[in-house]
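Hello,

Here is the structure I said I would pass on. Please open it beside this email; my notes follow below.

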Amino acid sequence: MFTALDALPFADRLISLRHALHREPELGLDLPLSQAKVLGALAGLPLEITIGTGLTSVTAVLRGGRPGPAVLLRGDMDALPVQEESGVAYASTIPGVMHACGHDIHTSAVVGAAHLLAARRAELAGDVVFMFQPGEEGQRGAKVMIEEGVLDAAGSRVVAAYAIHVASTMLPLGVVATRPGTILAASDSVTVTVHGKGGHGSSPHLAVDPVPALCEMVTALQTMITRTADAFDPAVLTVGSIHAGSAFNVIPEMGTFQATVRTFSPGTHRKIQAAVKRVVQGIADAHGVRVEIDYQANYPVTVNDPAEAAFALATVRGLVGPQRAFQAPQPVAGAEDFSFVLEQVPGAYLMVGAVPPGTDPGAAPMNHAPQAVFDDRSVLEAATVLASLAAARLAKASSDAVPAAATNPAAAPDTAPDTASGAASNPASGAASGAVSGAASGAVSGAASGAVSGVASNPASGAASDTVSGAASGAAE
């Protein structure tokens, strides 16, 4: 387990990294500036590093001092096409691009976890894979990295994987939430194009108007959701874009709308996909128009392994205290491509509060908003959580293996290899030595002490469901 004091020596460099990433955000799968910053931040650590071919990813493997399995920590690196309005001193210098979802914190936190774990490399009974991933915001970067072998980067398949997501709203700074089973929804996108026959607005009988059909489809789909999805296994469909025509007195040739669909189980996912197509096609037939339906299944449901979620929650409670870590009572409708990782290996996804003290968590701008602000101290909170999860999970695997080794002396581990070399055995030297800057002073200890609102200090209360749903509804794609 790691504490706030363990993270403090790295505070300056981690917060500086976070600010540098925030100033130069990048979109999609090609993040050369972010990749270079991560590689620079990992320099000097005893890591085996590879970079992606189909994307600018970074995979780093830390070999533990004793034999054991491997675990994985994920940090996503990409930003959003949002014009920043946060007002922070380190705001984006790239017009129309912003780290509005906190991925700059995720990346910096995984770098922090690498430094923390490298300092105790000799104690680790196994290896840690650090996954720095582009393209979380809709480009399926995790899937590409899986195809390129990230889950087997240590030489064998990782036995557990963990990721965190910071929240700019609802969860007070340093409060952690997770749950067993489904934690985030599947995310689909739908583009519907209706083709009619253009004409003069005064004579609709001489044209085939796509606009009424388009409007009826939008409203009928909302009714379909309420009549198709189980109330206890819900679905969400939101039409976010609709376009038709160019003048008030012209019947257009075509019109389009785009929607997002969120579901929480494979069964409902299949049912809603079929129903969307059926409703849209039926209305098109009734209006005598031609329709094209492009239904894309983007991200699957994010499902925490129950045992790993329970282990993660217990570990975090031991780290931050029982009143700052709680089990979320229900899933939320955000989506995540860490779901691709959790389809392959057991693991857990956790939410970490990043609302600056003095800001009302209930009124703070949410993730993806131009005004979203994430407190610097959440970098250190997240780094200690991730490092503690990795170290504790390897220790658990080693402990679980003891009976087998005891009954089979040949299975007992050999003498541990040498400890890390100077640069890694003293990672606090150099740039991080000296006092912690004002931005990070008291970073983890006291960051949320006494500041946890009633909803978090009493996670069993009914309001807890609002806490997590609000925090994560915009946290992921």
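One point to start with: H368 sits in the loop that runs between strand 16 (347-355) and helix 10. Keep in mind throughout that this is a predicted model. The phi of H368 is near 85°, a positive value in a residue other than glycine. Most residues other than glycine have a negative phi. H368 has a relative accessible area of 27%, so it counts as partly exposed.

M170 also has a positive phi, of about 70°, and is not a glycine. This residue lies in strand 5 (residues 160-172).

The largest nonpolar core has 61 residues. Those with the most contacts inside this core are L42, L73, L117, V128, F130 and F132. Which helix gives the largest share of this core? Helix 10 (residues 377-407) does, with twelve residues.

Now helix 4, which covers residues 103-119. Its 17 residues reach 25 Å from the first C-alpha to the last, close to the 24 Å expected at 1.5 Å a residue. Is helix 4 largely enclosed or largely open? Of its 17 residues, 16 are buried, so helix 4 is largely enclosed by the rest of the structure.

One of the elements packed against helix 4 is helix 2 (residues 11-23), at an angle of about 150° and with the two axes 9 Å apart. Angles over 145 degrees count as roughly antiparallel, so helix 2 is roughly antiparallel to helix 4. The crossing of the two helices is right-handed. On the helix 2 side, the contact is made by R13, L14, L17, R18, L21 and H22. On the helix 4 side, D104, I105, T107, S108, V111, G112 and H115 take part.

Last, V236, which is found in strand 10 (residues 235-244). V236 is partly exposed, with a relative accessible area of 35%. Not counting residues up to four places away in sequence, V236 touches T260, V261 and R262. V236 and S187 are 49 residues apart along the chain, and their C-alpha atoms are separated by 9.7 Å.

Regards

Key:
Residues numbered from 1 in each chain as written. Predicted model: local features only at pLDDT ≥ 70, side-chain atom pairs only at ≥ 80, totals over all residues. Heavy atoms only, no water. Core = buried A, V, L, I, M, F, W, Y, C linked by side-chain atoms within 4.5 Å. Buried < 20%, exposed > 50% of the residue type's maximum accessible area, 1.4 Å probe, protein only. Helix = DSSP H or I, 4+ residues; strand = E, 2+ residues; numbered from the N terminus. Expected span 1.5 Å × (residues − 1). Axes fitted to C-alpha atoms, helices over the stretch in contact; angles between N-to-C directions. Parallel < 35°, antiparallel > 145°, perpendicular 65-115°, else oblique. Left-handed = near helix turned anticlockwise from the far one by under 90°. Contact = heavy atoms within 4.5 Å.
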